[in-house]
Amino acid sequence: MAAAGAARRAGWRLWRGRAVVRCQHYAPVRALQASAVLRRVSDEHKKEPFTPSSQQQFDTHPAGHQPEQEPQGPRPSYTGQGGQESEDYESEEQLQRRILTAALEFVPEHGWTAEAIAEGAKTLGLSVAAAGMFHSDGSELILHFVSECNAKLSELLEKEQKLVQLGEAEKKPTDEFLRDAVEARLRMLIPYIEKWPQALSVLLLPRNIPSGLSLLTSMIDDIWHYAGDQSTDFNWYTRRAVLTGIYNTTELVMLQDSSPDFEDTWRFLENRVADAMNMSNTASQVQSTGEAVVQGLMGAAVTIRNLAGLNQRR
Amino acid sequence: MAAVRLCRCRCRALLSRVRGAPRALRGLAAGPEMHFGFQSVTEEERREKIYQVFESVAKKYDVMNDSMTLGIHRVWKDILVHKMNPSPGTLLLDVAGGTGDIAFRFINYVRAVRERQLQRKLKHHQNLSWQEIFENYQEDKSDSLGDSQVVVCDINREMLKVGKQKAQHLGYSEGLSWVLGNAEELPFDDDMFDVYTIAFGIRNVTRIDLALEEAYRVLKPGGRFLCLEFSHVSNPLLSRLYDLYSFQVIPVLGEVIAGDWKSYQYLVESIRRFPPQEELKAMIEDAGFFKVDYENLNFGIVAIHSGFKL
């Protein structure tokens with residue numbers, strides 16, 4: 001009994017250490033004790049299909065992008081450390097995700113708080129004390145929601161891309177593509193728009209800034225990738241910075257928009273995207289204008305020198 | 001002055017006697033060896049001795065807590081309840097909670113949360129008619145705790161008696177129940193409670209693994225186990241100061257305030273014999289709890305261990 005306990009603890013610590021790389025999640029080896037709540041993974045598979053497609057895109061991204069974010073789907077059971085089959089039970093992380101997903105429907109009423117998480121746990125048949133697993137300010141709930149939205153957006157863009165590849169749809173011009181992608185993503189906020197300002201302020205807490213920022217950057221990256229961006233020079237950074245700016249400002253406009261179906265927001269978005277497109281044209285125009293001006297100045301300088309007789313050679 | 005000098009001599013004598021004694025007892029022990037402070041006793045003897053210790057200190061328990069920890073124990077218990085963050089409707093089992101400190105704090109916390117909830121509901125109802133608002137008052141009035149309940153369980157009748165008197169004195173009437181029971185064998189059914197707490201009690205339990213298994217049994221799925229207990233200080237300088245304070249000052253205080261040297265000597269020794277943070281965490285995991293973690297308060301003088309029944 002003691003040896004098994006020691007083995008379990010060693011396996012537990014090893015499992016904890018490996019949790020850094022997010023692809024690998026091993027269910028803890030608790031061979032001798034059936035868990036009261038963690039259910040078999042096979043039950044989950046029927047409900048939530050795993051989306052492997054979004055992983056492939058990370059390989060084609062240019063250097064500088066960290067494949068940190070994956071869609072939060074359920075993990076199938078992996079074999080354990082020594083090649084032995086680990087228990088078919090879901091891991092704690094998966095249970096936590098289930099609780100957070102269940103908690104989302106209580107957010108409009110209770111806000112992004114531990115209360116919403118407690119209500120969510122209740123619907124799953126757990127005690128309200130299970131909300132103690134999370135921070136009392138609801139950070140995990142918000143981050144979970146954001147990553148779920150990003151995953152949904154990726155799926156959507158992937159489907160559209162497939163349609164274009166199959167020839168069933170026209171390839172959209174860049175500005176329309178960006179506009180539609182940002183609009184689709186922002187529409188996912190509509191059910192929670194009342195409490196979203198609270199969520200944004202929680203995301204700005206120092207503790208949450210790294211995760212929030214990485215979620216945002218990976219989403220922007222997604223959108224540009226599906227828009228067909230293959231740049232490998234400085235343009236890569238400029239494009240992402242510009243789109244991040246557009247997204248953030250549109251989100252803020254949406255928060256205080258009271259027009260029917262957020263028409264004002266979409267019009268604002270359209271204008272910003274158009275501005276961004278013009279900006280790139282303007283940039284090249286400025287460059288060629290600059291060159292022309294410099295040449296003109298050079299010519300004027302030579303002329304003046306000639307007139308002043310300084311160029312004469314005897 | 002003379003009394004203090006007398007105490008100091010007794011202190012030194014007792015310390016040397018207790019530290020030297022164990023060998024003799026070991027030969028006589030019949031049955032599994034356990035520790036009672038720095039002595040070695042059988043399981044039965046240990047249970048009896050601990051019962052006697054608490055029987056004799058029950059009346060002065062709170063006063064002694066305040067003087068020994070300079071009042072900091074209140075902060076520790078507050079932190080425990082804040083960490084629990086109970087919502088209205090929670091069912092709490094407070095084991096070894098004799099004088100009811102955790103139970104009263106729980107009730108206060110839940111009452112405050114409930115009030116805030118009601119205020120928020122009222123804000124939403126601001127466009128109702130007077131009649132409807134009045135009706136809302138009626139149905140909510142009986143519900144200041146939102147159905148939360150505490151069951152205080154203790155093995156010692158004297159401690160429960162003191163707890164009940166305190167409750168009456170402080171005006172806590174609803175949501176409290178007092179039950180006589182042994183932590184190693186709780187008189188409750190499976191899957192009953194949302195939270196199980198044991199504050200400064202698990203040190204006195206003879207078979208900690210049984211107590212942890214019982215905790216697992218009576219908790220609902222998703223329920224939380226919380227344990228507040230004296231633990232090991234890793235910082236060497238602080239550890240020396242702490243030892244000095246524990247062995248020189250506390251038994252003296254015990255004698256002066258409660259007239260009971262031996263009980264407080266036992267207290268200090270039992271703290272030293274208790275397993276450190278990581279070991280207790282492993283024991284909790286063995287009982288089947290998940291997401292087990294601990295938080296050191298005051299550099300390890302006290303630690304809160306938390307686990308979930310998942």
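## Two interfaces in a predicted model

Across the interface of domain 1 and domain 2 of chain A, the rule finds four residue pairs in polar contact, both residues at pLDDT 80 or more. A polar contact is a pair of N or O atoms within 3.5 Å; within protein, one must be able to donate a hydrogen and the other to accept it, and residues adjacent in sequence count only if both atoms are side-chain atoms. This is a predicted model: local features need pLDDT of at least 70, side-chain atom pairs count only at pLDDT 80 or more, and totals for chains, interfaces and linings use all residues. Residues are numbered from 1 along each chain as its sequence is written, chains are lettered from A in the order in which they are written, and side-chain values use heavy atoms, without hydrogens and water.

### Exercise 1

Describe the interface of domain 1 and domain 2 of chain A.

**Solution**

Step 1. Take the contact. Domain 1 of chain A gives 15 residues and domain 2 of chain A gives 13, where contact means heavy atoms within 4.5 Å.

Step 2. Take the area. About 1,300 Å² is buried between the two domains of chain A, and carbon and sulfur atoms give 71% of this. Buried area is the accessible area (1.4 Å probe) that two parts lose on being put together, summed over both.

Step 3. Name the main residues. On the domain 1 side, A:Leu104, A:Trp112 and A:His135 lose the most area to domain 2 of chain A, together 56% of what that side buries.

Step 4. The rule finds zero between domain 1 and domain 2 of chain A. It asks for a side-chain nitrogen of Lys or Arg within 4 Å of a carboxyl oxygen of Asp or Glu.

### Exercise 2

Describe the interface of chain A and chain B.

**Solution**

Step 1. Take the contact. 28 residues of chain A touch 26 residues of chain B.

Step 2. Take the area. Chain A and chain B bury about 2,100 Å² between them, with 54% from carbon and sulfur atoms.

Step 3. Find the salt bridge. The rule finds one between chain A and chain B. B:Arg120 pairs with A:Glu115, and their closest N and O atoms are 3.2 Å apart.

Step 4. Count polar contacts. Chain A and chain B share five residue pairs, both residues at pLDDT 80 or more.
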